[in-house]
Amino acid sequence: MGWSPFLGIPLIVALLSFLFYKSFPIKSLNSAPQNFPTLFTVEELALYNGSDPKLPIFLGIIGSVFDVSKGKSHYGVGGGYNHFAGRDASRAFVSGNFTGDGLTDSLRDLSSAEVKSIVDWRDFYFRTYTYVGKLVGRYYDSEGNPTKYLKGVEAKAVRGAQLMEKQKNEEAKLPSCNSRWSQQEGSEVWCDDGYPRLVQRPTEIALTGKMSKRCACFKEEDLDQPGLEVYKGCDFSAKTCRL
């Protein structure tokens, strides 16, 4: 029987397969998965907390999961942000409570400004790190669809942004006082044009749930407006007040 050219095909296929494998090696299963976005359970996400050097480090925020391995010095064991690794601790981004019940994804009772801040943090992770999936639970259902809770959080963040813009525009109508502090002289506020007065910030309750005041400069003809407060120990007609 003569030599058939088809006998060389398996050899050629094997050679091509070898060259392809050398050029594009299959990545280890311990590296960051490549078929994301995917869904994580709380238990699965906990595996990526930085304690296993063979696994990447993942972090969840508002149900979105990110690979933060390139920030290993911060998110790895012993790092300052390790408490965020392997879990969704959204609330801690504004509460500063990094222990026990503080490491939760619940945003209940937070103000619209605080919720907006957490959403801004999520956007930061989208810009800075690799998005790898969703955490099933409070923010995404078992099929990866957004829950009513997530939609409520995002709506509250939008409301917070609107209120902050409104507050910014309102306060732009009244120039803020100048201020400075020194160890020798303490605090001082003054107006280049007008008189320093404490005035309530009307949108602050809606933003933070608390009432606060700021120092604004008022012209002499406007000093009889209701709600203006002279700094304690400061003369009514003084343009500079030491506190």
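This briefing covers a helix pair, a sheet and a pocket. The structure is a predicted model. Helix α5 belongs to two of these topics: α5 packs with helix α6, and α5 also gives the most residues to the lining of the second largest pocket.

**Helices α5 and α6**
- Helix α5 spans residues 112–128 and helix α6 spans residues 148–172.
- Their axes lie 7 Å apart and meet at an angle of about 110°.
- Angles of 65 to 115 degrees count as roughly perpendicular, and α5 and α6 are therefore roughly perpendicular to each other.
- On the α5 side, the contact is made by Ser112, Val115, Lys116, Val119 and Arg122.
- Their partners in α6 include Leu150, Val153, Glu154 and Met164.
- The residues of this contact are eight nonpolar, two polar and four charged.

**The sheet**
- Four strands make an open sheet with mixed pairing, in the order β1-β4-β3-β2.
- β1 (38–40) and β2 (58–61) each have a single partner strand, so one side of each has no neighbour in the sheet.
- From one strand to the next, the twist averages 40°.
- Three bridges join β1 to strand β4 (residues 130–135), and this pairing is parallel.
- Phe40 has Leu135 in β4 as its bridge partner.

**The second largest pocket**
- This pocket has a volume of about 160 Å³.
- Among the lining residues are His74, Phe93, Trp121, Phe124 and Tyr125.
- α3 (72–75), α4 (92–95) and α5 are the elements that each give two or more residues to the lining.
- α5 gives three residues, the most of any element.
- The lining has ten nonpolar residues, one polar residue and no charged residues.

Note on methods
Residues numbered from 1 in each chain as written. Predicted model: local features only at pLDDT ≥ 70, side-chain atom pairs only at ≥ 80, totals over all residues. Heavy atoms only, no water. Axes fitted to C-alpha atoms, helices over the stretch in contact; angles between N-to-C directions. Parallel < 35°, antiparallel > 145°, perpendicular 65-115°, else oblique. Contact = heavy atoms within 4.5 Å. Nonpolar A, V, L, I, M, F, W, Y, C, P; charged D, E, K, R; others polar. Pairing = 2+ DSSP bridges. 1 Å grid on protein atoms, 1.4 Å probe; cavity = no way out; pocket = protein on both sides within 12 Å on 5 of 7 lines; lining within 4 Å. Points joined across faces, edges and corners; volume = space filled by probe spheres on them.
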